[in-house]
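Me: I have a structure on screen and want to know what stands behind the words used for it. Can we go through them one by one?

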Amino acid sequence: MSDKRIALVTGASRGIGRAIALRLAKDGFFVVINYNGSEEAAKEVKAEIESFGGEALCYKCNVADFDECGRMFEELQASVGTPDVLINNAGITKDGLLIGMDREAFSRVIDVNLGGAFNCMRHGAKLMIKKRYGRIINISSVSGIMGNAGQANYSASKAGIIGLTKSAARELAGRGITVNAVAPGFVDSDMTAVLSDKVKEAAVQQIPKKRFGKPEEIASAVAFLAGEEAGYITGQVLAVDGGMSM
Ligand code: NAP
């Protein structure tokens, strides 16, 4: 058991999740680095956390699998304790125009992005209720607020996260648990590295700050909502997007 507060970050092997894991470890949390495929990258995040005196463990779990998520929470509870903070960050894209999108591309993105958040909240909130404490932060997207051509599946999953966040916030507010969403705009990561220069330039034109965000800039908003001092904030969607969605 850890005597630190425990934060579980899904999809923490790379990108925004990695930055959130590092930031929360710096803020004094014991961090559970969830990953699915990138074991080596997850181990590197753990090593980086340990290099500055933080504590972490890596846990492989496909968040789209309901039972696997249940086992993850059971095993964490038995080993380090119940997560005080749950960051539902794991996400994928399978972009394409609506009229050409196959059913599998739609379902897979919904299953991982929205289903993954549901699975972890379903298992995690049950344990948090017993402690009468919890901070749940779901990573949505500017695409879930504004829509985005070529991302019908992804935008639907990210809009769904907002409804899930607000309903859970209403259900759990009386139990000492806050539930909020952070909606990043375009952020430098593997997810956006695949975009063509033309698409990136067009995106920058839509951003009042005229640049992509850094993973650390998303992590600082998450760290604020994960902290003790954010206890009166629940059911909110905090856009961290350089002004894109205002
Ligand atoms: P990324 O660099 O592609 O990293 C995605 C992370 O999710 C990886 O750590 C990956 O782990 C994990 N993951 C994917 N499927 C998983 C599964 N089934 N189970 C567990 N983990 C899984 O993406 P990112 O840009 O950091 O995005 C992080 C989150 O921010 C996503 O929810 C994304 O939708 C959201 N977001 C990103 C942007 C942006 O511009 N980058 C903008 C708005 C919102 P493995 O490699 O170990 O499988």
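Reply: Start with the polar contact: a pair of N or O atoms within 3.5 Å. Keep in mind that this is a predicted model.

Me: How far from an oxygen atom of the ligand is the polar side-chain atom of serine 38?

Reply: That distance is 2.5 Å.

Me: Which atom of cysteine 61 lies 3.5 Å from a nitrogen atom of the ligand?

Reply: For cysteine 61 it is a backbone N or O atom.

Me: Now the rings. Why is the pair of phenylalanine 66 and phenylalanine 118 called stacked?

Reply: The count comes to 2 aromatic pairs. In the pair of phenylalanine 66 and phenylalanine 118, the ring centres are 6.4 Å apart, and the limit is 6.5 Å, so the rings pair. Their planes meet at 20°, and under 30 degrees counts as stacked, so the pair is stacked.

Me: Which parts does this pair tie together?

Reply: Phenylalanine 66 lies in helix H3 (residues 66–79) and phenylalanine 118 in helix H4 (residues 103–131), so the pair links parts 52 residues apart in sequence.

Me: What makes arginine 5 lie over the face of tyrosine 133?

Reply: Arginine 5 is 4.0 Å from the ring centre of tyrosine 133. The distance limit is 6 Å, so the value passes that part of the test. Arginine 5 does lie over the face.

Me: What is in the largest nonpolar core?

Reply: This core has 30 residues. Those with the most contacts inside it are Ile20, Leu24, Val31, Ile49 and Ile87. Elements that each supply at least two residues include strand E1 (6–9), helix H2 (39–51) and helix H9 (215–226). H1 gives the most, with 7 residues. Apart from this core lies another, of 27 residues, among them Ile6, Cys120, Met128 and Ile136.

Me: Which residues is isoleucine 87 in contact with, leaving aside neighbours within four places in sequence?

Reply: Its contacts include Leu8, Val9, Ile20, Leu24, Ile137 and Val222.

Me: Why is lysine 210 called partly exposed?

Reply: Its relative accessibility is 45%, between the 20% and 50% limits, so lysine 210 counts as partly exposed. Lysine 210 is in the loop between helix H8 (197–205) and H9.

Me: Where is asparagine 148, and what does it touch beyond four places in sequence?

Reply: Asparagine 148 is in the loop between helix H5 (142–146) and helix H6 (152–172). Asparagine 148 touches Ser143 and Ser155. At 31% relative accessibility, it counts as partly exposed.

Notes. Residues are numbered from 1 along each chain as its sequence is written. This is a predicted model: local features need pLDDT of at least 70, side-chain atom pairs count only at pLDDT 80 or more; totals for chains, interfaces and linings use all residues. Side-chain values use heavy atoms; hydrogens and water are left out. Rings of Phe, Tyr and Trp (its six-membered ring) pair if their centres lie within 6.5 Å; planes under 30 degrees apart count as stacked, over 60 as edge-to-face and the rest as tilted. A charge sits over a ring if NZ of Lys or CZ of Arg is within 6 Å of the ring centre and within 35 degrees of the ring normal. A nonpolar core is a set of buried Ala, Val, Leu, Ile, Met, Phe, Trp, Tyr and Cys residues joined through side-chain atoms within 4.5 Å. Buried means under 20% relative accessible area, exposed over 50%, partly exposed in between (1.4 Å probe, protein chains only). Contact means heavy atoms within 4.5 Å. A polar contact is a pair of N or O atoms within 3.5 Å; within protein, one must be able to donate a hydrogen and the other to accept it, and residues adjacent in sequence count only if both atoms are side-chain atoms.
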